[in-house]
Amino acid sequence: MKHRILLYAFGLTIFISKANAQGLSDWQFGISTIKESFFYPSKHNFIGPYHPGFSLIAEKQIKELKKSNKILSLETGFYHHKYFQNGVFLLSGLNYEFRLKGRLKLRWGPRLGYLHAFSPTGRYKLKDGEFKQIKDWGRPTALAGLAIGASYPILNKDEPDKAVDLFFNYQVLVEGPFAPGAGVPVVPHTFLALGIKTKLFSK
């Protein structure tokens, strides 16, 4: 599993490094650390066991409104839950961002995406009276939910095109189909993310 994570991160790094800067100057790119919870929204999402992960994000403002902005958000990442499952995910969303007094920004928006889940202990099959480990190709499923968050510039605060923002996201997601044959069609997830983002390409 560690080799999969390293290959995954390496591939994304190569993709970004070879991307043509033209057309990307309006995008912010970021990285975050994740705390995943297999639980409905509650205080346990914040104080419960730590199931680590990371994500890479890309965001672009697509419309400026009178009191808010519309932000397109793309995210990909990985999480490890040793008692439940490991997962590689892709998420897209539309954020409605509101600027408060000063430089603090709040946001919320829907999420829709894809999850490929792997067993943390491997898969086994009964053969010749024994359980033998077999190749785990993972299980594809869908994600849907809602995200709320906030961001604040911590470097180059007076230069929007060079600012480095600290951000926090709280995502409440539903995974499905999970195990409809066992009477469990969907299961909940929450992602707590803390990271930084900035524009990597200049105009």
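Me: Is Ser 73 buried or exposed?
Reply: This is a predicted model, and Ser 73 sits in strand β3. The relative accessible area of Ser 73 is 4%. Buried means under 20%, so with 4% Ser 73 is buried.

Me: What distance separates the C-alpha atoms of Ser 73 and Leu 91?
Reply: Along the chain, Ser 73 and Leu 91 are 18 residues apart. Leu 91 stands opposite Gly 113 in β5. The C-alpha atoms of Ser 73 and Leu 91 are separated by 8.1 Å.

Me: How many bridges join strand β4 to strand β5?
Reply: Strand β4 covers residues 86-99 and strand β5 covers residues 105-118. The two run antiparallel. The number of bridges that join them is 12.

Me: Which strands make up the closed barrel, and in what order?
Reply: The protein chain has two helices and 10 strands, in the sequence pattern α-β-α-β-β-β-β-β-β-β-β-β. Eight strands form the closed barrel, with antiparallel pairing. The twist from one strand to the next averages 25°. The order is β1-β2-β3-β4-β5-β8-β9-β10.

Me: Which residue of β10 is the bridge partner of Ile 31?
Reply: Strand β1 (residues 27-37) pairs with β10 in the antiparallel sense. Nine bridges hold that pairing. In β10, the partner of Ile 31 is Ile 196.

Me: Which residue in β10 does Gln 171 stand opposite?
Reply: β9 and β10 run antiparallel and are joined by 11 bridges. On the β10 side, Gln 171 faces Phe 191.

Me: How many residues of β10 are buried?
Reply: Over the 203 residues of the protein chain, buried residues make up 36%. β10 has 12 residues and is mostly covered. The number of buried residues in β10 is 10.

Me: How many aromatic pairs does the structure hold, and why does the pair of Phe 46 and Tyr 170 count as tilted?
Reply: The structure holds seven aromatic pairs. In one of them, the ring centres of Phe 46 and Tyr 170 are 5.3 Å apart and the planes stand at 40°. Planes under 30 degrees apart count as stacked and over 60 as edge-to-face, so at 40° the pair of Phe 46 and Tyr 170 is tilted.

Me: How many residues apart are Phe 46 and Tyr 170?
Reply: Phe 46 lies in helix α2 (residues 44-47), while Tyr 170 lies in strand β9 (residues 164-176). The pair links distant parts of the chain, with the two residues 124 residues apart.

Me: At what angle are the ring planes of Tyr 79 and Phe 191?
Reply: Tyr 79 is in strand β3 (residues 69-80) and Phe 191 in strand β10 (residues 187-198), 112 residues apart. Tyr 79 and Phe 191 are both buried. Their ring centres are 5.7 Å apart, and the pair is tilted, with the planes at 55°.

Me: Which residues nearest its centre line the largest pocket?
Reply: About 540 Å³ of space lies in the largest pocket, and 22 residues line it. The elements that give two or more residues to this lining are β2 (52-64), β3, β4, β5 and β8 (139-155). Nearest the centre lie Gln 28, Gln 61, Lys 105, Pro 160 and Asp 165.

Me: How many charged residues are in the lining of the largest pocket?
Reply: The lining has five nonpolar and four polar residues. The number of charged residues in the lining is 13.

Me: What is omega for the peptide bond from Gly 176 to Pro 177?
Reply: Pro 177 is in the loop between β9 and β10. The peptide bond from Gly 176 to Pro 177 is cis, with omega near -5°.

Me: What is phi of Asn 156?
Reply: Asn 156 is in the loop between β8 and β9. At 40% relative accessibility, Asn 156 counts as partly exposed. Its phi is positive in a residue other than glycine, near 50°.

Notes
Residues numbered from 1 in each chain as written. Predicted model: local features only at pLDDT ≥ 70, side-chain atom pairs only at ≥ 80, totals over all residues. Heavy atoms only, no water. Pairing = 2+ DSSP bridges. Helix = DSSP H or I, 4+ residues; strand = E, 2+ residues; numbered from the N terminus. Axes fitted to C-alpha atoms, helices over the stretch in contact; angles between N-to-C directions. Phe/Tyr/Trp six-rings, centres within 6.5 Å; stacked < 30°, edge-to-face > 60°. Buried < 20%, exposed > 50% of the residue type's maximum accessible area, 1.4 Å probe, protein only. 1 Å grid on protein atoms, 1.4 Å probe; cavity = no way out; pocket = protein on both sides within 12 Å on 5 of 7 lines; lining within 4 Å. Points joined across faces, edges and corners; volume = space filled by probe spheres on them. Nonpolar A, V, L, I, M, F, W, Y, C, P; charged D, E, K, R; others polar.
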